[in-house]
Amino acid sequence: MQKKILLIEDESGIADTIIYPLSTEGFSTHWVTTGGEGLAYLKSESADLVILDIGLPDINGFDVLREIRKTGQPPVLFLTARSDEIDRILGLELGADDYVMKPFSPRELAARVKAILRRSAESGSTKITSSPFQVDYNKRQITYFGRKINLTRIEYDLLILFVNRPGWIFTRDKIMDLAWPESGESFDRTVDTHIKTLRTKLKEINPEIDPIETHRGVGYSLRE
């Protein structure tokens, strides 16, 4: 069956360089120029993969990705013209599957697309992100040592942030910015409270391990 790609890119020249090599590889590409159009398309149609530009005219690509990740699927490949490392890191922390820097080789992009789709087919709807955690993005569920964790929406978003980047230290401000961007402000106590509740739930499953490490005066990380 022909794989369907949703391309969200506002520049027609770049879109052309993407659509042609994908068509030669047998992919069907639906092209839209704004984040709003892309999200509207996904509400009524399915896509096997989304190619998403960060610099869109209406909605920041990161915000589009946040909306896509509320339902978990499909896999997302970021396009970015910005060379600063934070764009790459932020995109992957939010759940992007890969990224390509502009300018890029059409052949390289097609190879990345095929690799992502191959991994997606192998893992199905479940993505093992950091043992002993396992994430089912379709159901927004996380298991820990094989047992489902009963999480609130906020706790799920918080744990996903850690699981996608084990060993990375996140400050409280960064956690607020990435996990709850709609909050508008940073509240240290809010983060600490959710971390405490999350630790309690994890210890109920395995009381011998505390997977969340506190870095005093800095923030938190998931132990590798």
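Q: How many bridges pair strand β4 (residues 76-80) with β5, and in which sense?
A: β4 and β5 are joined by four bridges and run in the parallel sense. Two strands count as paired if DSSP finds at least two bridges between them. Helices (H or I, at least four residues) and strands (E, at least two) are DSSP runs, numbered from the N terminus.

Q: What sort of model is this, and how are residues numbered?
A: This is a predicted model, where local features need pLDDT of at least 70 and side-chain atom pairs count only at pLDDT 80 or more, while totals for chains, interfaces and linings use all residues. Residues are numbered from 1 along each chain as its sequence is written, and side-chain values use heavy atoms, with hydrogens and water left out.

Q: Which face of β5 is covered?
A: In β5 (residues 98-101), Asp98 and Val100 form the covered face, and Tyr99 and Met101 the uncovered one. In a regular strand the side chains alternate between the two faces of the sheet.

Q: What is the strand order in the sheet with β5?
A: The order is β2-β1-β3-β4-β5, an open sheet of five strands with parallel pairing. β2 (28-32) and β5 are the edge strands, each pairing on one side only. On average, neighbouring strands in this sheet are turned by 20° against each other, direction ignored. Axes are lines fitted to C-alpha atoms, for helices over the stretch in contact, and angles run from 0 to 180 degrees between N-to-C directions.

Q: At what angle do the axes of α2 and α3 cross?
A: The axes of α2 (residues 35-44) and α3 (residues 61-69) cross at roughly 10° and come within 10 Å. The two helices are therefore roughly parallel to each other; angles under 35 degrees count as roughly parallel, over 145 as roughly antiparallel, 65 to 115 as roughly perpendicular and the rest as oblique.

Q: Which residues make that contact?
A: Gly35, Leu39 and Leu42 come from α2, and Val64, Glu67 and Ile68 from α3. By class, that is four nonpolar, one polar and one charged residues. Ala, Val, Leu, Ile, Met, Phe, Trp, Tyr, Cys and Pro count as nonpolar, Asp, Glu, Lys and Arg as charged, and the others, Gly among them, as polar.

Q: New topic. What is the order of the three-stranded sheet?
A: It is β10-β12-β11, open, with antiparallel pairing. β10 (170-171) and β11 (212-215) each have a single partner strand, so one side of each is left without a neighbour in the sheet. Two bridges join β10 to β12 (residues 219-222), and Thr171 has Gly219 of β12 as its bridge partner.

Q: Which helix packs on that sheet?
A: α6 (residues 153-163) does, touching β10 and β12, with its direction at about 70° to that of β12.

Q: How many residues of α6 are buried?
A: Nine of its 11; among them are Tyr156, Leu159 and Phe162. Buried means under 20% relative accessible area, exposed over 50%, partly exposed in between (1.4 Å probe, protein chains only).

Q: Which residues have the most contacts inside the largest nonpolar core?
A: Phe133, Ile142, Ile149, Phe162 and Ile175, in a core of 24 residues. The largest share, seven residues, comes from α6. A nonpolar core is a set of buried Ala, Val, Leu, Ile, Met, Phe, Trp, Tyr and Cys residues joined through side-chain atoms within 4.5 Å. Apart from this core lies another, of 18 residues, including Phe27 and Val100.

Q: What does His215 touch?
A: His215 lies in β11. Leaving aside neighbours within four places in sequence, His215 is in contact with Ile169, Tyr220 and Ser221.

Q: And how many helices and strands in the protein chain?
A: Eight helices and 12 strands. Of the 224 residues in the protein chain, 45% are buried.

How values were computed:
Contact means heavy atoms within 4.5 Å.
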